[in-house]
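Subject: Structure handover

Hello,

Here is the structure I promised to send over. Please open it first, then read my notes below.

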Amino acid sequence: MSNAPVTCEVRYRLDPDRIEDFKAYAKIWIKLIERHGGTHHGYFLPRERPAGIGISFPGVGEDGADDIAIALFTFPDDEAYLTYREKVANDPDGIEANARFGKQPPFFSYERMFLQPIP
């Protein structure tokens, strides 16, 4: 088990008709992660780029999809993350959130990635 921080990025492909539901979902999970020892860095929704801004590396870079939201959160280490997973499964708010959003989530899909900082 690692003593390094566990930072997780979750990318959601949004259902554009359920943005308000997604915001409600996000608020619940921010609270749950922080309640059980994590630091939530926020959920981020897409927005229009500032006017007049181009791509820094033309031919290599491109603007991303406008239906992706991102969440970032960190736990101090593997043990803290595993403890969170165990506790949130039994937390009444976690159970309620899974019941509310589990069968019809406000997103079409998601992908999760664990990250480490570059020292």
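A pocket here is an open set of grid points with protein on both sides within 12 Å along at least five of seven lines, and its lining residues have an atom within 4 Å of a point. Please keep in mind that this is a predicted model.

Start with the second largest pocket. It holds about 240 Å³ of space. Its lining consists of P46, R47, E48, R49, D63, G64, A65, D66 and I68. By class, that lining splits into five charged, three nonpolar and one polar.

Now the largest pocket. Its volume is about 530 Å³. Of its 23 lining residues, Y25, W29, Y84, R85 and Y110 are the closest to the centre. Several elements give two or more residues to this lining: β1 (6-14), α1 (19-35), β2 (39-44), β3 (68-75), α2, α3 and β4 (107-115). Helix α2 gives the most, with five residues. The class count for the lining is 18 nonpolar, three polar and two charged.

Last, the helix pair. Helix α2 covers residues 78-90, and helix α3 covers residues 92-101. They pack at an angle of about 75 degrees, with their axes 5 Å apart. Angles of 65 to 115 degrees count as roughly perpendicular, so α2 and α3 are roughly perpendicular to each other. Where do they meet? V88, A89 and N90 in α2 meet P92, G94 and I95 in α3. This contact has four nonpolar residues, two polar ones and no charged ones.

Best wishes

Terms used: Residues are numbered from 1 along each chain as its sequence is written. This is a predicted model: local features need pLDDT of at least 70, side-chain atom pairs count only at pLDDT 80 or more; totals for chains, interfaces and linings use all residues. Side-chain values use heavy atoms; hydrogens and water are left out. Axes are lines fitted to C-alpha atoms, for helices over the stretch in contact, and angles run from 0 to 180 degrees between N-to-C directions. Helices (H or I, at least four residues) and strands (E, at least two) are DSSP runs, numbered from the N terminus. Angles under 35 degrees count as roughly parallel, over 145 as roughly antiparallel, 65 to 115 as roughly perpendicular and the rest as oblique. Contact means heavy atoms within 4.5 Å. Ala, Val, Leu, Ile, Met, Phe, Trp, Tyr, Cys and Pro count as nonpolar, Asp, Glu, Lys and Arg as charged, and the others, Gly among them, as polar. On a 1 Å grid over the protein atoms alone, a cavity is a set of points where a 1.4 Å probe fits but cannot get out, and a pocket is an open set with protein on both sides within 12 Å along at least five of seven lines; lining residues have an atom within 4 Å of a point. Grid points are joined across faces, edges and corners, and a volume is the space filled by probe spheres set on the points.
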